Structure formats: C-alpha cells, structure tokens
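Look over the sequence and the model below before reading on.

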Amino acid sequence: MATDNDPSPAMLPYAEIVVDARTTVPGDVFTYDAPPHLGLRTGHLVRVPFGSRSVHGLVLRLTGERRVDYTKPVRALVHPEPLLTSAQLALAEWVAHHYMAPAFDAIAPMLPPGFRGRARPVVRLRPEAAEPERLPAGARRLASYLRGQAKPVAVATLSHRLGPWVPNAVRALASAGMLDERTEEPAPRPARRDVLVVRAGAEPSAMLAFAAKLVRAPKQAALARRLAEPGAAPYLASEARRDHGPSAVSGLAAKGMAVLESAAAPAERPLAAGETPLLPTREQADALGAINAAQDALSAQGAQDTGPSAPRAFLLEGVTGSGKTEVYLQALAHCLGLGKRAIVLVPELSLTPQTVARFEARFPGRVGVLHSGLTPAQHWEEWWRVRNGERGVVIGPRSAVFAPQPDLGLIVVDEEHEWTYKQTELSPRYHARDVARKRAELSGAVVVLGSATPDLGTAYQAERGAIGRLHLRQRIERSGAPTALADVDVVDMREELSAGNRSVFSRALQDALRETLAEGAQAMLFLNRRGAASVVECRACGHVMRCLRCSTAFTHHAAADGTGGREQLVCHHCNRRRGVPRVCPRCRSDRIRFLGLGTQRLVEQVEALLPGVRVLRWDRDAATSVAAHAELLRRFTEREADILVGTQMIAKGLDIPSVALVGIVLADIGLHTPDFRAPERTFQLLTQVSGRAGRGPAPGRVVIQTYVPDHYAIEAAAAQDYARFYSQEIEYRRAQANPPLTRLVRLLFGHTNRDAARHEAARMANVLGHVIREWDMGGVDIVGPAPTYPPRVRNAWRWHLLVRAPDPRLLLDKVSVPPGWTIDVDPVDVF
C-alpha cells in the first residue's frame with residue numbers, strides 16, 4: 001500500500017530513526033546510515049543496532065546531514081513497505097507530546113500486532129557480489145554453501161547445520177559486501193477457523209420419519225427435515241439455533257437424531273445486500289444533514305486541505321433509545337458512498353458482539369473487528385485486512401482508534417463519556433476520544449461523539465462552540481415510532497429500614513419484580529460491585545482479611561464464580577487469591593462473617609425472594625472473554641432467563657425490548673469517593689442503566705434505591721435531565737477550579753519502601769513549588785503530595801500530586817521528571 005513518503009530516498013544518505021528503547025536523547029531519535037539497497041522511506045519499520053542489541057526503529061525522515069561524528073547503518077527492513085503514513089506519524093508525534101510519553105510508545109499502537117516478538121536474522125548471498133582475495137576460510141565455506149540456496153536462510157539454521165563458527169563467517173561476508181541481511185519478524189500463522197456445525201444423526205428417510213412423529217415439537221421437526229435435505233450445505237450451529245431455537249438443537253441432539261461437531265469454517269460468502277435503513281425521524285434527519293454535509297465538504301477538499309479548519313467534530317446528544325445508532329449507520333453509509341472508510345469505537349468489549357451484529361447486518365462483509373480478545377493469529381490477520389482496505393468499517397474499543405484504516409472519512413465514538421476510553425495502566429496514557437479528534441483533524445475526517453450523558457468537558461466545548469451540537473430529544477422504538485422514557489421511582493432506603501424492611505430489596509422493587517414477571521417481561525438488577533461479599537471479618541476480634549500486597553480488603557467469591565470450583569478471597573487490585581480461612585488468623589476464632597453485597601450474593605437474594613425464577617449474572621467474573629459476553633447476551637435476549645443481574649457492563653448500549661424493569665439496588669456506590677468527578681459518574685451510570693428499560697412497546701419502569709435521595713446527581717438521574725445536572729455541576733467545577741475549566745496532570749510515584757515513596761513525593765512537590773515561585777507562575781497549583789487510594793498496590797506504596805493549571809506543560813517542561821514517576825495527562829482518576 002502506497003504512503004505519502006519521501007520521493008527520492010536514494011539521494012539522502014542518513015535516516016533519523018526513533019528507537020524502541022528508553023534513552024535520555026530527546027524524542028529517542030538517532031541518526032543512522034541509510035544503505036541504498038534498502039530503499040528507506042519515511043514510515044519504514046526497521047531493525048537497527050543499538051549498543052550491543054538489535055532493536056526496532058521507525059524512520060521519521062531522511063536527511064543529507066549527519067549531526068554526529070559516527071553513525072551505524074540500518075540493519076534490515078522489517079517490512080518492505082512503509083507501515084505508517086505522514087498523517088499517522090504526525091498523530092504519533094502529537095500523542096507523545098500531549099501525553100508526555102516516549103516517542104516509540106506513541107508509535108507502537110499503530111504497528112502490526114505482535115511486531116515485538118522474537119525476530120530471526122536471515123541471510124542471502126548476493127549473486128552479483130565479487131569474492132575478495134583475502135577472505136577467511138570459514139567465510140569462503142559459508143559463501144559456497146549459500147550459492148546453492150535459492151531462498152534466504154536463517155543464521156540459526158546455518159549454525160545448526162554447519163557449526164558454531166557461522167556467526168563469525170556471516171560478519172566477514174557482510175563486511176565484504178557479499179550478503180543481504182535482514183530480520184524475519186514473527187508473524188502468527190493464520191489458524192484454521194473451526195466452527196460448530198449440526199449434521200443429521202441418521203439417514204434422510206429415518207430423519208423424515210422421525211420428524212413426522214414430533215407433533216408436539218414442531219421446531220425439532222423442522223430442524224430434522226432441514227438436516228434431511230439432500231446435498232444441503234453444512235448447517236452452522238449458530239444459524240440452527242437462530243432459525244429453530246437452542247432447545248430444538250439440544251433436544252434433537254439428545255435423541256441422537258442430530259450431531260454437533262467441529263468443522264473448518266466455510267469460505268466467506270459473497271457480499272449480500274444489507275438491511276434497509278430506517279426512515280429517519282426529523283431530529284435524526286437534521287443530525288444526519290449536518291454530519292453528511294461536513295463529510296461532503298471534506299471530501300471535496302480532498303487531501304489538499306487537512307489543516308485545522310477542515311475537520312468537523314459533532315456532539316450527538318440523544319436520550320437513551322433515541323436512535324443514535326441509526327444515525328451512525330446512515331452516516332457510515334454516506335461515508336462509504338464517498339469512497340471513504342470509518343472507525344467506530346465502543347467503550348467495552350462486552351458491547352462488541354451486539355454492535356458488530358447490528359453493523360454487519362447493515363454492511364455485510366465490510367465490517368472488521370480489532371480488540372484484545374482476538375487470538376494473535378486473528379488479530380494479525382484482521383489488522384492486515386484493514387490496512388489493505390478490505391474493511392469499510394472497523395469496530396473496537398479504545399485501541400481501535402489507531403487502526404490502519406486508509407482513506408479515513410469518519411470516526412464515531414459511541415458513549416463518548418465513558419472513562420474506559422482512557423488508558424491508565426500502560427504508556428501512552430491516552431484518551432481515545434481526544435486521539436480520535438486529533439486523528440480526524442490530521443486525516444481530514446469527521447468525528448461524531450455520541451452520548452445520552454456527555455462528558456462534562458465535551459458538553460462545555462459544545463457550549464462554547466468548539467464543536468457542533470446535535471440533539472435527539474425523543475425516544476423511539478426500533479420501528480421508529482416515538483415512545484416515552486421509563487418512569488422512575490426513587491426509594492429512600494432509610495425509610496425502608498425505619499419500616500423494618502432489612503432486605504436488600506425495597507418493598508417497591510419487590511412488587512415491581514413480581515408484576516414484571518407476571519406480565520411475562522424481563523428485568524435487570526444493577527449493582528456495581530462484584531463478588532459475594534466485600535469484607536470478610538472475624539466477629540471475635542474484628543480482624544479483616546486483607547491482601548498482603550495491597551492496602552485493601554479481600555472480596556469473597558463463591559465456588560461458582562470462576563474461581564476454579566472453590567470459594568476464594570480475591571484482591572480486586574492485584575488479583576491475588578487465597579482460600580477462605582476456617583478460623584481467624586489472629587485470634588483463632590471460627591466466628592467468621594461475610595459483610596457487604598456483591599452481584600453473586602444478589603443473585604442468591606433474588607432466588608430466595610422469587611423461588612423458581614431464572615437468573616443470569618453478567619460481570620467480569622462471569623464473562624471473561626468476548627465469546628462469553630456474547631453467550632450471556634444471547635441467553636438473555638432469547639428469554640433463557642427472567643432477570644439479569646450485573647455490574648456496569650449492563651448499563652452500556654444494550655437494546656433489549658423485552659426488558660420492562662430496571663432495579664438499581666444501591667445507587668450510592670462510588671458517589672462518595674474522593675474524586676471531583678464522582679457525582680458526574682454516578683449521574684451518567686444511573687441514567688444509562690435506567691435507559692435499558694422500556695425499549696419495547698410496553699412502558700418501562702426504573703426503581704432507584706438510595707440513602708441520599710436528595711443528592712443533586714440522583715435527582716437529575718431520576719428525572720433523566722442532563723441539562724439540569726450540567727448547569728449545577730459546571731458551577732461547582734468553576735468554583736473549585738477543576739476541569740473542564742482548567743487542566744490536570746497527575747504525577748504518581750511508587751516504591752516498596754513506604755518512607756522512600758513519601759520522601760520522593762515531598763521532594764518533587766518542593767521542586768515544582770520552587771519552579772513556580774522562580775518563574776512567578778500565576779494560576780498554577782500543586783495539589784498534594786498525598787497517598788493514593790488504596791495507598792499500596794502490588795507491594796508498591798504510592799504517592800501522587802496534581803498539577804492544576806490552564807496549561808500544566810508550562811511548568812512540567814521546566815522540570816526533569818526522574819525515572820520511577822508516572823505522568824498521567826488529563827487523568828480520569830485522581831485518588
């Protein structure tokens with residue numbers, strides 16, 4: 001695939017390359033000789049010598065100037081074509097600068113998956129090379145051997161066949177200019193794709209005779225007749241379950257008349273016509289008009305104008321169930337019609353299966369998926385398909401913002417308010433929403449940020465006119481008919497206790513559950529806490545079971561909770577696990593009790609309240625893979641359960657018309673954390689989960705249980721009134737000088753020694769304070785230092801401080817941040 005690279009690289013003898021290594025050189029950029037036979041161009045991924053090692057590097061530019069006295073030659077190309085375009089290089093440069101990250105860390109997410117695997121050096125004798133007179137005997141022997149080899153041979157293979165002297169001979173031949181050396185990068189082998197198929201368990205005549213007897217099982221009979229058809233193609237189990245129902249497949253298999261077995265996946269089918277778009281409502285048509293007009297304008301400008309004035313960004317603010325996805329789909333269709341391609345970001349892996357199914361139905365065969373749940377072979381293969389232009393639409397979580405999508409015309413960020421779009425563990429600690437806007441600016445694309453509860457910073461920018469604002473105020477059914485938002489009841493749990501009700505379910509929620517099940521509808525119960533109990537305590541001495549590596553209590557998980565068949569105590573910070581003690585480790589008492597409530601215990605409480613009810617649980621412990629998420633969703637949508645109990649995974653994007661009731665068991669979780677964003681997150685979560693109810697023809701109902709019913713975030717969520725919440729919250733932020741009225745950078749230091757961590761944090765705060773005074777920086781504040789919450793994680797005592805200023809870089813650029821410190825620009829967690 002062609003890129004916009006240097007036109008005549010052969011004329012420039014040097015290459016400036018950013019290396020995959022931590023250095024003290026600004027930008028980690030070094031100058032290397034550019035061997036003419038390699039044909040280096042900007043964007044090439046290469047192997048370069050770095051000290052005694054061989055590391056990856058990426059060519060930033062070619063130059064005729066050597067800025068150092070001595071340069072080494074580039075060793076080999078990793079891939080014959082440049083892997084990054086100039087727009088991608090500009091994006092990587094912006095990410096490295098904005099998030100204060102090493103340059104190669106900003107480049108790495110854009111490179112093929114698995115590129116950091118162990119490389120294998122291979123050599124080939126140049127047929128035109130003349131053999132010098134003075135050449136070591138080993139080198140002559142190796143040259144003679146290589147003349148008989150048609151393909152490049154690995155140095156390790158040569159050493160195995162000829163002897164340990166081969167590396168020295170390779171160096172001699174390379175110095176004589178007789179060898180082509182390159183590094184073969186490991187590429188996952190595309191694995192055979194096996195699928196589950198259903199085949200007949202008997203001869204066709206026997207199958208038809210058996211089907212005739214299944215008078216009371218018409219679905220099984222239809223499946224038996226389908227399997228008896230002569231010359232029929234393999235029947236995928238997924239299609240059989242869709243067409244006839246899961247019980248028909250399992251029932252026929254139990255009777256021996258159907259066999260489930262693995263088989264190679266059939267070849268991809270020819271592209272079919274997608275489903276017909278729905279007729280947009282007036283609000284949807286207005287939103288589409290603005291988005292498509294921006295796409296048309298940018299498409300007309302082409303690649304000649306990708307400056308700051310060309311991109312268009314829109315906040316699509318629509319109440320839950322207002323048809324934002326249909327706007328995305330029709331905007332994507334317009335993008336593809338212009339010959340462009342698109343990226344769609346979703347906040348959670350759990351949403352990927354449902355999103356892909358919806359988009360694949362509209363654009364069959366043109367949707368690609370990139371996420372960490374793929375196998376290495378699947379990820380590698382899909383990445384190259386995207387890069388080669390075979391996918392019109394790419395769907396994935398935050399990392400998909402770096403997908404190598406050519407001719408990018410549209411980026412959609414669904415549920416843009418979600419904090420899961422922020423990478424917090426690894427460098428670069430980027431926010432996918434901000435990267436999407438920058439990539440759109442550099443690529444000449446449109447970006448659409450969709451949410452029913454926009455991030456306060458996004459809404460603030462829209463209010464100031466920095467981005468366009470589009471509204472969908474009317475909730476609609478799938479058919480496009482208008483419908484009402486769910487009715488919301490707020491229950492004061494203090495009054496429930498006063499009335500003698502000590503159950504986790506208020507009387508209103510108990511009645512609502514019984515009524516919903518009696519009407520044949522489904523319900524969701526939301527509790528944002530995993531496990532069975534959050535604290536395990538000794539009633540005799542008060543000792544709490546704590547993780548030895550983290551300053552936090554263990555959470556109790558019962559045997560059926562993905563813990564290997566036995567109950568365990570699990571640390572939710574470092575994943576340390578241990579058995580449940582029979583006696584207290586401090587006083588040896590056996591009076592152990594389990595306190596608190598998690599999703600697992602909530603399931604037990606539901607089953608005790610409603611005997612015979614079918615309950616599913618959806619949280620990170622119950623679904624550990626994309627396939628597990630998809631299976632849970634399938635089981636619930638196909639009515640294999642009456643009630644779904646879950647954490648925040650059930651709050652995002654699920655569209656299940658049969659759900660008539662949502663119960664929020666404890667709305668206060670997270671509301672009182674020491675984070676200025678706690679009210680915003682609570683409002684967003686409650687509003688989003690409330691939006692899962694009433695998406696079908698029947699009216700929906702929501703019951704919110706809380707101990708602080710008069711809190712402004714809960715009152716606004718109960719009214720599902722974003723404007724009301726925004727107007728109050730933005731004033732609090734302004735009074736406290738918090739984002740989006742200013743910006744934050746978090747500096748975090750961890751050490752296994754508690755005092756060392758505290759002293760280093762105090763030293764850094766003094767250094768920053770001194771620079772502020774020396775440069776007379778008004779409007780720059782240092783908050784802290786203070787221990788984080790929890791103060792110890794994975795044996796590291798952690799202290800942090802915050803730099804608060806309109807532009808924190810004015811201070812941080814004047815300070816050398818030593819190794820050991822983590823820099824988090826625009827953090828989403830500040831405690």
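The text below takes these topics in turn.

This is a predicted model, in which local features need a pLDDT of at least 70 and side-chain atom pairs count only at pLDDT 80 or more, while totals for chains, interfaces and linings use all residues. Residues are numbered from 1 along each chain as its sequence is written, and side-chain values use heavy atoms, with hydrogens and water left out.

The predictor's confidence in each residue is its pLDDT, on a scale from 0 to 100. The chain averages 85, and 92% of the residues score at least 70. Over residues 267–272 the pLDDT is below 50, and this stretch has 8 contacts in the model beyond near neighbours in sequence; a contact means heavy atoms within 4.5 Å. Residues 303–308 are also below 50, with 7 such contacts. Where pLDDT is low, the predicted coordinates should not be read in detail.

Next comes the sheet. Helices (H or I, at least four residues) and strands (E, at least two) are DSSP runs, numbered from the N terminus. Two strands pair if DSSP finds at least two bridges between them. Six strands, written as 6 in the order β19-β29-β28-β20-β27-β26, form an open sheet with parallel pairing. At the edges are β19 (487–492) and β26 (615–618), each of which pairs on one side only. From one strand to the next, the twist averages 15 degrees. Within the sheet, β20 (residues 522–526) pairs with β28 (residues 659–664) in the parallel sense over 5 bridges, and Ala 523 stands opposite Leu 661 in β28. Helix α20 (residues 678–690) packs on the sheet and touches β20, β28 and β29 (701–706); its direction makes about 155 degrees with that of β28. Here axes are lines fitted to C-alpha atoms, for helices over the stretch in contact, and angles run from 0 to 180 degrees between N-to-C directions.

Two other helices can be read as a pair. The axes of α10 (residues 282–301) and α11 (residues 324–337) come within 10 Å and cross at roughly 30 degrees. Angles under 35 degrees count as roughly parallel, so α10 is roughly parallel to α11. Among the α10 residues that meet α11 are Leu 288 and Ile 291, and the α11 residues they face as a group include Val 327 and Ala 331.

Last, where does Asp 455 lie? Asp 455 is in the loop between β17 (446–451) and α15 (456–463). Buried means under 20% relative accessible area, with a 1.4 Å probe and protein chains only; Asp 455 has 15%, so Asp 455 is buried. Leaving aside neighbours within four places in sequence, Asp 455 is in contact with Glu 416, His 417, Arg 433, Glu 680, Gln 684 and Tyr 722.

How values were computed. Buried means under 20% relative accessible area, exposed over 50%, partly exposed in between (1.4 Å probe, protein chains only). Angles under 35 degrees count as roughly parallel, over 145 as roughly antiparallel, 65 to 115 as roughly perpendicular and the rest as oblique.
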